[in-house]
Structures are given as C-alpha cells and as structure tokens.
Amino acid sequence: MTTAIALGDIPFGQPLPPNPHTLCMSLPSWKDVVGYLEKEKTFLDAVVTGYPRFFIHRSVQKLIDISEKKFGHEGETCLIFPSRRDAEHCKDFILRQAALANISAKVRTVQYPIHAGDSSSLGPDVPVSGPCACRAELHLAFFPNEVYAIARKFWQHCGLGISSRRADHCLSLIEGAEQRTLPCPGEHDSCSVAAREGAQAKLELCQRIASYFVHPDADNCQQGRGTHSSVPEPGSSLNGEIVHRVTEEGVFLFSCGVSAIFNAHQLLLEARPGQPSKSVVFGFPYTCTLKLIEKFGPGVYFFGHGLDSDIDDLEAMLAQGSTTDQSGPPILALFTEFPSNPLLRAVNLPRLRALADKYDFPIVIDETIGSFANVNVLPFADIVITSLSKFVCGRANVLGGSLVLNPNGRHYATLKDRLTYMYEDTYFDEDAIVMEGNSRDFLGRMHIINDNAETVCDFLHPRSIAGGGPSESTVIKQVLYPKYTSPTNYSRCRLPNGGYGGLFSLTFVSLAASKAFYGALPCAKGPSFGYEFTMAFPYTIVGHYDELGWAAEYGVDEGLVRISAGVEEKGVLLGWIEIALKAAEACVGVSS
C-alpha cells in the first residue's frame, strides 16, 4: 500500500509511475489540469513526460533534433516513424489537412539508416535489411514549421510514431555505443540473441492472445444467449458451419491500440475498394477513434448514444441507403467499443450483428475496457481490437496493440488475405519483450481488479441519485459501470468467470463537487487506465476541452471523473473513496 499512496503524491507533470518509459504524467489537481490545457507557462514548464501520443518523449525529441540537423532544411521540422509507409501516411495527412486549411505545404520523406559507431557513413538511400541490434532504420517526414500542429494531430490520432525504447536504441547506435564502423551483417552473438528474444516475445504474445478466445461458452455466445456449455472442437459443426478457432497466425501486433484501429480502418479501405461509403461509429468512443475515422476516409456517421433507439435510426438509414445506391453496402464498416469509454455502456451487439449480416458490412469492436479476461465479443465481430497498453500491460511502461480477425466471420478470407499482404511488423522488439513479461500475470491481476472495482461501485451506487440515494444530500449523480448502465447487453458477452471490468466513471451534482472529489482522492491521478495501481482522471475536460458542449449532448458531463481500479487492498480503496466523498459533500451548494 505504501507504493500506491506514494503515487498519489507525485507532483504535477512528473512520471507516473517513476520510470524512463512511463506512459503517464501526474495530474494531482483540477487546477493543474486546466492550467496545462490553457498552456500556461508555469504548468508547461513543469511537464517532464506524458502519454506518448500526446507528448513527445525526450529521447524521441533528441532523435528528432539530430535528424533535423542531419537532413533538415531551414524552416523545417520532422517527425519520426518506423516504416516508409507510416511516414507516407503522415505526409498524405499533412498535405490533405493543410489544403483544407488553405495552407501551402511541401512535405518530404527521408530514409535514415543507422548502425553502431558510424551512422554518418550511410546515406539516406542505403538499405538496412534483416533484424539486428547493431542497426536500425528510421523514416522521417519533414514539413514546414507552420504545419507542425497538423503533423502532431497525425502523431496523436494514428499512433504510428516511434517508441521511446526505439529512440533510445537509435541514440545508442548514433553515439557509437558499439564502436563499430561497418554495418553489422547480423552475425554477432548479441545481435542474434536480441533478435531471437524479440521474435519469441511476439510469438508468445500472439499465442497468449489467441488462447484468450478459447472459452467454454463460445458456442452459446456465438448465438448471443449468454449461457455456457462446452466449446466445439475445431472442425466440428455449429449451426451447419465448420467452427474455426483463433490461432496465433490470426493475431497481429501493433505499436499501440490506436495504431491497431488505424490499421483496421486502412485494411477495410483497401479490402473493400470502390466503396465510397462512410463508416459508422456507434456509441460514444474514445476521442481519437472518432477523429481518426473522420479524417482518414470518406467520413463517419456518428450514433453517439449507442442505445437501441440509435440502432433503430441506423437500420432506417441502412434501409434507405440500400434502396438508393445499388453499387454496394450502404456503409464501409461499423466501429464500436465494448463497453464504451468513458460512459461504460455496452451496446446491443446481437442487433448490430444482424444488421451487419443483412447489409453486408464488417464490425470492428474495441474490447479494451471489457478485456480478454471478462468478455468474448468475437462472435459478433469481424475484427477485435485491444489496446494491450492498458490491462494486459498493467504497469504503465509500454505501449502495444493487437488486431484479431474472426476466423468464422463472413469477411474473414478477404480481410486475412489483404492484411497478410499489407501488414508490417513495426512493433519494436524491446517493447514486445516488456509487454510479454508484463502480460504473464494478466488474468490473475484482472480478477483482483474486477473484484476491487465492483466493491467500490457497489459502495457508491446506493449513494448516488441514480442508485436511490437521497437527492438532498447526495453529491454523486450516477455511477457509470456496466453492472448498472447496461447489464443485459454486457451479460451477452460476459465470460463465466469474468467480471465487469476495472473501469468506472462518476458524475456529480455540480462541477464544484467534481473538483473537490478529484482533488481529495489520495490515489494516483493521470491519463490512461488499466494498471495495477488505482488511478483517477478528469476525462471530459482533458479529452474534450474545446468541445464540452458537444460532449454533453451525449451524456458526457464536464465534471465526469473516470477511475481505474488497481490491486490495492479493498479497505484502502474504500478509505480513499470515503475521503473524497466527504470532500465533495462539503461542497454542496458551493458554486463551481
């Protein structure tokens, strides 16, 4: 418990937890958050690190500085990517968004091969082939300084940038750590061991993820009944069709969860050519998912509440589209989360699956919040996305994402063939090694987190207005948690030994109460979730600071506080909650 309490005392802008590759920065008070969002110099100067897609890690920035000095022109800056394709995606995005803003911009890409001890001897056109710890290859997108904000949006929304570990590795090569003057042929013992370890870690991750889809309720979950019996053997028949299980060959790793979503969207665009239709985003999702699909394709139809009434509206739209346009399906694909972030709402997957089958479009489900340990959404999905950075990682020290194709889906053959062709393994070996090690205790850790979250929510729910608490003295409006928000829909995918997940959100009767609760809560406070330590986050003001009114239209309150339960003792967690609740209750009647 000492470690957990200490995390709550970490000053604003410092690594949370203290680690050179941490994913989080500490946000201990509401005032700190607003000061940072308003870009006040005092707060900006205090920031040491941050979530990698929103904050350029210092090692990455050092590598950018070196690259600009080596290849840059006056008035240019750059961002760094692990592959040529990723850099080209960045280039295309900048040019497209700059044109929409009536800005003239020239963007160029540069290949940067590096090997230990003498990177200067290699020009931008010398290839680097084969896995080897003594060499690396980067791809740079150079652009005018005036479109830097646009380029950073690409970095944020797509998750394709290099990791801090990859940057450190490249810096060690540039600084001549190996003191080698010729490109390594890949035959050095240390290089071979490093390459083998990385490949083995990725294989074990893929095998482990595939194993999470082997459940005793797979046959009944396939039919959406929510009951459990034995899973059919591979090659057996279910409803007259051969059943196939997920294998490691059907699991694809990416550098982060958003990168997996980006690549899923690109896959669908490539696998379904000639379809100008927009995609559907169903339910209120994590902000980058919606932005990504809006900006990297024909556009989006947004059904932000994710209710059955929205399915009625979607069905009417699909029916209308099918009668007016006979050239193909009315939509490209449907993206949804199970459950959603931050409202923790589980959508009606059987109804969505029925529409997908009727109107011939794939469904992409992000199950990060539900997690492999608790839900099986595969029977309703064509593609399952998971941000491994969250519950699977558990330590807030490495990013990762996975994409799994449903081998029983009607689009499987087309998607598998295209993905196999277009897939690039850009997941850095050292990141994969750390992720594999972290994931070994995922299921056991998740069981404790589930139990802790449910205990806290069961304590808070009857003390909320929605849970029947007395309105005259209750400061919590609602506990947003699958057990209360959408239990029937959630139960359709809940595993026999699964819980309701480790994430929940709270809304309050006033913004003053939100601020007081958040400020008094003694746990760690910062972005992201899914770690072994409890962490709170003022989700809405960070994720939607410039669009608070729009978010409120979908029930995402400005004062919403999202909490990710950890593995601390229940008594400690409840003690923290009681402290924060008393502080919020003291604010009743106080203006924001």
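This is a short walk through a few spots in the structure above, starting with the overall numbers and then going helix by helix.

Okay, so first thing to keep in mind: this is a predicted model. The protein has 592 residues, and 57% of them count as buried. On secondary structure, we've got 22 helices and 19 strands. And if you take the contacts between residues at least 6 apart in sequence, 74% of those join residues at least 24 apart.

Let's go to helix α13, residues 349-359. Which of its residues are buried? Leu-349, Leu-352, Arg-353, Leu-355, Ala-356 and Tyr-359. Those residues sit on the same side of α13, because they cover an arc of only 160 degrees around the axis. Note that there's an arginine in that buried set, Arg-353.

Now the two ends. At the N-terminal end, Asn-348 does the capping, with a side-chain oxygen 3.3 Å from the backbone nitrogen of Arg-351.

Next up, a helix pair. Helix α16 runs over residues 442-460 and helix α22 over residues 570-585. Their axes come within 10 Å and cross at roughly 35 degrees, and the crossing is right-handed. So who's touching whom? From α16 you have Asp-451, Asn-452, Thr-455, Val-456, Phe-459 and Leu-460. They meet Lys-570, Leu-573, Leu-574, Ile-577, Glu-578 and Leu-581 in α22. By type, the residues of that contact split into seven nonpolar, two polar and three charged.

Staying on α16, have a look at Cys-457, which is in that helix too. Is Cys-457 buried or exposed? Buried, because its relative accessibility is 0%. Leaving out neighbours within four places in sequence, Cys-457 is in contact with Pro-462, Val-479, Tyr-481, Tyr-484 and Phe-504. There's also Ser-505, 48 residues away from Cys-457 along the chain, and their C-alpha atoms are separated by 9.4 Å.

Last stop, Lys-291, over in helix α11, residues 287-295. Why does this lysine count as buried? Lys-291 has 19% relative accessibility, and the cut-off for buried is under 20%. If you skip residues up to four places away in sequence, Lys-291 touches His-157 and Glu-547.

Okay, that's my tour. Over to you.

Methods
Residues numbered from 1 in each chain as written. Predicted model: local features only at pLDDT ≥ 70, side-chain atom pairs only at ≥ 80, totals over all residues. Heavy atoms only, no water. Helix = DSSP H or I, 4+ residues; strand = E, 2+ residues; numbered from the N terminus. Buried < 20%, exposed > 50% of the residue type's maximum accessible area, 1.4 Å probe, protein only. Contact = heavy atoms within 4.5 Å. Axes fitted to C-alpha atoms, helices over the stretch in contact; angles between N-to-C directions. Left-handed = near helix turned anticlockwise from the far one by under 90°. Nonpolar A, V, L, I, M, F, W, Y, C, P; charged D, E, K, R; others polar. Arc of directions from axis to C-beta. Polar contact = N/O pair within 3.5 Å; in protein donor to acceptor, adjacent residues only side chain to side chain.
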